Amino acid sequence: MLKTTTLLIAGAGLLLSTQIAGAQNAGRNCAPRDVVVKRLSEKYGESRQSIGIGQQGVVMETFASSDTGTWTITVTTPTGLTCLVASGQSYEKLAEVAPAFESDA
């Protein structure tokens, strides 16, 4: 799970700047956080699976449903505006352990 969450956060981080800027400018795929969370829950059965804090105080969250297999990555600005970054299907919760690395020290 940690590895998957780390990969999701890293991937979202790469898209974060352009997605937020574009979404705020266009006004598309963004709404107040409570509206987005309610829609993800009611329409797709998704609930929050992971969370991380990004640059400039933005919050990245992954929502998913084990029943429907859908997933959504959102980013919420400090003002409470939540924007959709990515979504898809075939969500699986993993519990992978990071590989141990030997230290030269």
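Reader: What should I know before I start?

Author: The model is predicted: local features need pLDDT of at least 70, side-chain atom pairs count only at pLDDT 80 or more, and totals for chains, interfaces and linings use all residues. Residues are numbered from 1 along each chain as its sequence is written, and side-chain values use heavy atoms, with hydrogens and water left out.

Reader: How many helices and strands does the protein chain have?

Author: Helices (H or I, at least four residues) and strands (E, at least two) are DSSP runs, numbered from the N terminus. Here there are two helices and five strands. Along the sequence they follow the pattern α-β-α-β-β-β-β.

Reader: In what order do the strands lie in the sheet?

Author: Two strands pair if DSSP finds at least two bridges between them. This open sheet of five strands runs S1-S5-S4-S3-S2, with antiparallel pairing. S1 (30–32) and S2 (47–53) are the edge strands; each has a single partner strand, so one side of each lacks a neighbour in the sheet. Neighbouring strands are turned by 30° against each other on average, direction ignored. Such angles run from 0 to 180 degrees between N-to-C directions; the axes are lines fitted to C-alpha atoms, for helices over the stretch in contact.

Reader: Which strands does helix H2 touch?

Author: Contact means heavy atoms within 4.5 Å. H2 (residues 33–44) packs on the sheet and touches S1, S2, S3, S4 and S5 (81–88). Its direction makes about 105° with that of S1.

Reader: What span does H2 reach?

Author: The expected span of a helix is 1.5 Å times one less than its number of residues. H2 has twelve residues and reaches 16 Å from first C-alpha to last, close to the 16 Å expected. Gly45 follows H2, with a positive phi near 70°.

Reader: How are S3 and S4 joined?

Author: Six bridges join S3 (residues 59–64) to S4 (residues 71–76), and the two run antiparallel. Ala64 stands opposite Trp71 in S4.

Reader: Which cysteines form a disulfide?

Author: A disulfide is a covalent bond between the sulfur atoms of two cysteines. The search counts a pair of cysteine sulfur atoms within 2.5 Å. It finds one in the whole structure. Cys30 is joined to Cys83, S to S 2.1 Å. The link is right-handed, with 110° about the S-S bond. It ties distant parts of the chain: Cys30 is in S1 and Cys83 in S5, 53 residues apart.

Reader: Is Cys83 buried or exposed?

Author: Buried means under 20% relative accessible area, exposed over 50%, partly exposed in between (1.4 Å probe, protein chains only). Cys83 has 1% relative accessibility, so it counts as buried. Cys30, at 18%, also counts as buried. Of the 105 residues of the protein chain, 30% count as buried.

Reader: What polar contact does the side chain of Thr72 make?

Author: A polar contact is a pair of N or O atoms within 3.5 Å; within protein, one must be able to donate a hydrogen and the other to accept it, and residues adjacent in sequence count only if both atoms are side-chain atoms. The side chain of Thr72 makes one with the side chain of Glu46, at 2.8 Å. Thr72 is in S4. Its relative accessible area is 5%, so Thr72 is buried.

Reader: Where does Gly69 lie?

Author: Gly69 lies in the loop between S3 and S4. At 9% relative accessibility, Gly69 counts as buried. Gly69 and Ser90 are 21 residues apart in sequence and 4.7 Å apart in space, C-alpha to C-alpha.
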